[in-house]
Each structure stands twice: as C-alpha cells, then as structure tokens.
Amino acid sequence: SACNTDVAFDLFASLGGTPDGGGAWVQISGAARTITGNDVDFVGASAGAYDFEYTVTGVAPCVDATAIVTVNVVDAPDAGTNNTVSACNTDVAFDLFASLGGTPDGGGAWVQILGAARTITGNDVDFVGASAGAYDFEYTVTGVAPCADATAIVTVNVVDAPDAGTNNTVSACNNDGAFDLFASLGGTPD
C-alpha cells in the first residue's frame, strides 16, 4: 500500500524474493504515474490499484525475468489548514469545523491544546463566560495505513462582549437639572 501523498515510493523494496538490480520498470495498469529509477510519484493519485512490471534482462541462453508489484493507493486524510478566527465570550455553540481553512474531511476529532478548558461538543465549542484571549483547538482526521493522521489547528481569539447593562425604570422630577442616565442602568454596564 502507498499513500497518495508519497513523492518517492520505492518499488524495488516492494519486490518479493532477492531480485537483481539494474532492471527496468514499466507501468502496466492504473492512471499514468512518473517513475524515476525505482521510485514512483503518487502525489495526487486516485485511490486504487496500480501495477508496475520489473524486468531484468537475461544473458543468453537465459530469458528475461519479470515480476509485478501491485500498489494499492490510499487517499490521505485532509484535516484542512490552520486558521485564526475571532469569537465572542457569549457564543454558546461556536463552529470550529467551519473555521478550518481548506477542504477538511469530516469525522475527525477535536482536542483543546491552549487556553482555559472549554466544552467541545461535536464541532462546537462553548465560549460563554470565557476570558478574553487565545484558545487553540487541534482537529485530527485518522489516516488509513500507510497514510499518517492529518491535523490542523484553529486559534480562536475570544473577545469580551459589550455590556450595556440591563433595563431599568427610574423617576425624575420635571424641575431636576442634569439627570445621570448611565447611573440609572441596571447591571454592570461598560
């Protein structure tokens, strides 16, 4: 097996037995790939089977010897790309998945790696009451062997929500001078 991110997959090392060196490779099935020496480039290859034939030229009276390596190409996981976004400390369900860059695969898992602990449910994180600052969340998509896991990090810069206080009703006399409206607000307004 090979991953579709492999730049130089060694076909010779994949042969069984004790093959002689100095042979030549030719691809006999699958979408065309670039072979350089014993290495084949699978970057961007579609998942599926690719057959490569190795031929060692025989010296008379011996005939040529051939062997075939079938490479099963597996799609590498895509966790998207790192991204930095902002959120408010009143966000109940902030969507981390939508904050990833690129085109990530679904079905991955989130873990918080920086900042005071927040609750993650699926792709959503709860920032209600969070202190202002940076929070890092790592998204991991598990790779199918031989492909490694893929990860990406979303940094969320949490900012404090504005506070206008709460509604209030007060009485005033029609001959009062300047009346302080701010002092009449309920709560703790900014």
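1. Two strands pair if DSSP finds at least two bridges between them. Strands β11 and β12 (residues 124–125) meet that rule: they pair over 2 bridges, in the antiparallel sense. Look at isoleucine 120 for an example. Its bridge partner in β12 is valine 125. Please keep in mind throughout that this model is predicted.

2. Now place that pair in its sheet. Three strands form an open sheet, in the order β9-β12-β11, and the pairing is antiparallel. Which strands are at the edges? They are β9 (94–95) and β11 (120–121), and each of them pairs on one side only.

3. Move to strands β3 and β6. They pair in the antiparallel sense over 5 bridges. Valine 26 stands opposite glutamate 53, which belongs to β6. Strand β6 also pairs with β7 (residues 65–74), again antiparallel, this time over 9 bridges. Glycine 48 is a place to check this: its bridge partner in β7 is valine 73.

4. Next, the aromatic rings. A search of the whole structure gives 10 aromatic pairs. One is tryptophan 25 with tyrosine 54: the ring centres are 4.8 Å apart and the planes meet at 40°, so the pair is tilted. The cut-offs make that clear: under 30 degrees would count as stacked, and over 60 as edge-to-face.

5. A second pair has another geometry. Phenylalanine 127 and tyrosine 135 are edge-to-face, with 5.6 Å from centre to centre and 65° between the planes. Are these two residues buried or exposed? Phenylalanine 127 has a relative accessibility of 0%, so it counts as buried. Tyrosine 135 has a relative accessible area of 4%, so it is buried too. The cut-off for buried is under 20%. Elsewhere, ring pairs link Phe9, Phe42, Tyr50 and Phe52 into a cluster.

6. Aspartate 136 deserves a careful look. It is found in strand β13 (residues 133–141). What does the side chain of aspartate 136 make a polar contact with? The partner is the side chain of threonine 155, at 2.7 Å. Beyond four places in sequence, aspartate 136 touches Val111, Gln112, Ile113, Leu114, Ile153, Val154 and Thr155.

7. Follow one of those neighbours, glutamine 112. It lies in strand β10 (residues 109–114). Its side chain has a polar atom 3.2 Å from the backbone oxygen of glycine 115. A polar atom of the glutamine 112 side chain also lies 2.8 Å from the backbone nitrogen of arginine 118. Setting aside residues up to four places away in sequence, glutamine 112 touches Ala117, Arg118, Ile120, Tyr135, Asp136 and Phe137. Two names here have come up before. Ile120 bridges to valine 125, and Tyr135 pairs with phenylalanine 127.

8. Aspartate 39 has a relative accessible area of 29%, so it is partly exposed. Outside four places in sequence, aspartate 39 touches Ala8, Phe9, Asp10 and Thr34. Phe9 is part of the ring cluster in point 5. Aspartate 39 and valine 85 are 46 residues apart along the chain, and 41 Å separates their C-alpha atoms.

9. Finish with alanine 49, in strand β6. Its relative accessibility is 45%, so it counts as partly exposed. Leaving out neighbours within four places in sequence, alanine 49 is in contact with Ser29, Gly30, Thr70, Val71 and Asn72. Alanine 172 is 123 residues from alanine 49 along the chain, with 84 Å between their C-alpha atoms.

Definitions and conventions. Residues numbered from 1 in each chain as written. Predicted model: local features only at pLDDT ≥ 70, side-chain atom pairs only at ≥ 80, totals over all residues. Heavy atoms only, no water. Helix = DSSP H or I, 4+ residues; strand = E, 2+ residues; numbered from the N terminus. Polar contact = N/O pair within 3.5 Å; in protein donor to acceptor, adjacent residues only side chain to side chain. Contact = heavy atoms within 4.5 Å. Phe/Tyr/Trp six-rings, centres within 6.5 Å; stacked < 30°, edge-to-face > 60°. Buried < 20%, exposed > 50% of the residue type's maximum accessible area, 1.4 Å probe, protein only.
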